[in-house]
Amino acid sequence: MPDNDTAKDASDYALGIPAPKHAFFLKGLDHVDWGMKDRLSRIFNPKSGRTVMLAFDHGYIMGPTSGLERMDLSIPPLIEHADCLMCTRGALRSIVPPTANKPISLRYSAGSSVLTELNNECLLDIEDALRINASALAVMAAIGSKFEAKTIENLVRTADLGARYGIPTLGVTAVGKELTRDARYLALACRICAENGATFVKTYYCETDFEKVTATCPVPIVIAGGKKLPENEALELVHKALQEGAAGVDMGRNVFQAEHPVAMIQAIRAVTHDGRTAREGFELYQTLKNTR
Ligand code: R5P
């Protein structure tokens with residue numbers, strides 16, 4: 001206990017100076033709880049307001065896909081360049097050193113593989129998410145599919161659990177083979193995720209009217225990269241998405257399948273955080289790959 005006899009009288013009340021108010025730096029998230037803001041501030045850089053998330057959760061549905069055959073070799077060199085790691089709990093415990101101290105966006109729903117159609121997905125146990133200190137819970141929402149209701153139920157349940165423990169929910173819009181990946185569909189899917197409690201949303205970029213997708217989603221959007229593109233085109237996609245309102249990327253194949261993955265993630269960072277153009281990002285990529 002402090003010694004009361006020698007305590008100095010309090011006098012510095014700064015009367016007349018109002019207590020500062022702090023608006024949160026991410027769109028639509030002023031009113032979430034402190035723990036959630038703390039976790040979001042680890043995922044998104046408070047200075048740029050953006051994030052470079054490295055996605056390597058593909059194995060949960062695709063098995064050992066190209067670039068992830070030996071995750072233990074391909075992923076560790078990329079970790080230091082990522083703001084956040086998006087992965088399964090299996091990959092996390094197997095190949096990510098806890099000393100990396102990176103926020104984790106945990107793949108929180110599961111239940112389908114490439115061998116079957118999308119099916120009745122389930123959720124992981126929230127205790128396991130707490131145990132691994134997850135910074136976000138990533139849940140798939142398959143809007144317009146046969147299992148739409150089940151996946152929205154999963155999203156709602158995750159948002160409830162996330163609110164209880166201060167963990168953001170990442171709504172991941174899945175695009176079925178039969179659905180068109182256009183702005184009208186993506187805006188619908190993102191909005192449904194946000195209104196059902198997603199703290200931020202992951203979706204795809206579309207060439208026409210993507211700004212309408214970001215404008216009508218009340219919370220931040222990060223984009224997946226999709227299938228591997230030539231590196232200059234992938235950087236162009238990142239730049240356009242950011243210009244049109246995305247708050248960052250959650251990319252996998254265009255990083256770990258690149259000719260030089262470490263150079264590629266650094267180029268993506270330069271475009272995302274440092275205001276570089278796609279061309280400047282590609283020049284950086286070439287410089288970095290040639291110095292290795
Ligand atoms: C796919 O199952 C995962 O959700 C991926 O995290 C997502 O598709 C992003 O990876 P990519 O940039 O390879 O599309």
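**Helix H13 and its partners**

Modeller: In this predicted model, helix H12 (residues 261-273) and helix H13 (residues 278-290) have axes that come within 8 Å and cross at roughly 150°. Angles over 145 degrees count as roughly antiparallel, and H12 and H13 are therefore roughly antiparallel to each other. The crossing in which H12 passes H13 is right-handed. On the H12 side, the contact is made by Ala 263, Met 264, Gln 266, Ala 267, Ala 270 and Val 271. H13 contributes Ala 278, Gly 281, Phe 282, Leu 284, Tyr 285, Leu 288 and Lys 289 to this contact. By class, the contact of H12 with H13 comprises 10 nonpolar, two polar and one charged residues.

H13 also packs with helix H10 (residues 231-243), at an angle of about 140° and with the two axes 8 Å apart. That angle makes H10 oblique to H13. The crossing of H10 and H13 is right-handed. From H10, the residues making the contact are Glu 231, Asn 232, Leu 235, Glu 236 and His 239, while H13 supplies Ala 278, Gly 281, Phe 282 and Tyr 285. In the contact of H10 with H13, four residues are nonpolar, three are polar and two are charged.

To return to H13 itself, Ala 278, Gly 281, Phe 282 and Tyr 285 take part in the contact with H12 and in the contact with H10.

How values were computed: Residues are numbered from 1 along each chain as its sequence is written. This is a predicted model: local features need pLDDT of at least 70, side-chain atom pairs count only at pLDDT 80 or more; totals for chains, interfaces and linings use all residues. Axes are lines fitted to C-alpha atoms, for helices over the stretch in contact, and angles run from 0 to 180 degrees between N-to-C directions. Helices (H or I, at least four residues) and strands (E, at least two) are DSSP runs, numbered from the N terminus. Angles under 35 degrees count as roughly parallel, over 145 as roughly antiparallel, 65 to 115 as roughly perpendicular and the rest as oblique. A crossing is left-handed if the near helix is turned anticlockwise from the far one by less than a right angle, and right-handed if clockwise. Two residues are in contact if their C-beta atoms, placed from the backbone, lie within 7 Å. Ala, Val, Leu, Ile, Met, Phe, Trp, Tyr, Cys and Pro count as nonpolar, Asp, Glu, Lys and Arg as charged, and the others, Gly among them, as polar.
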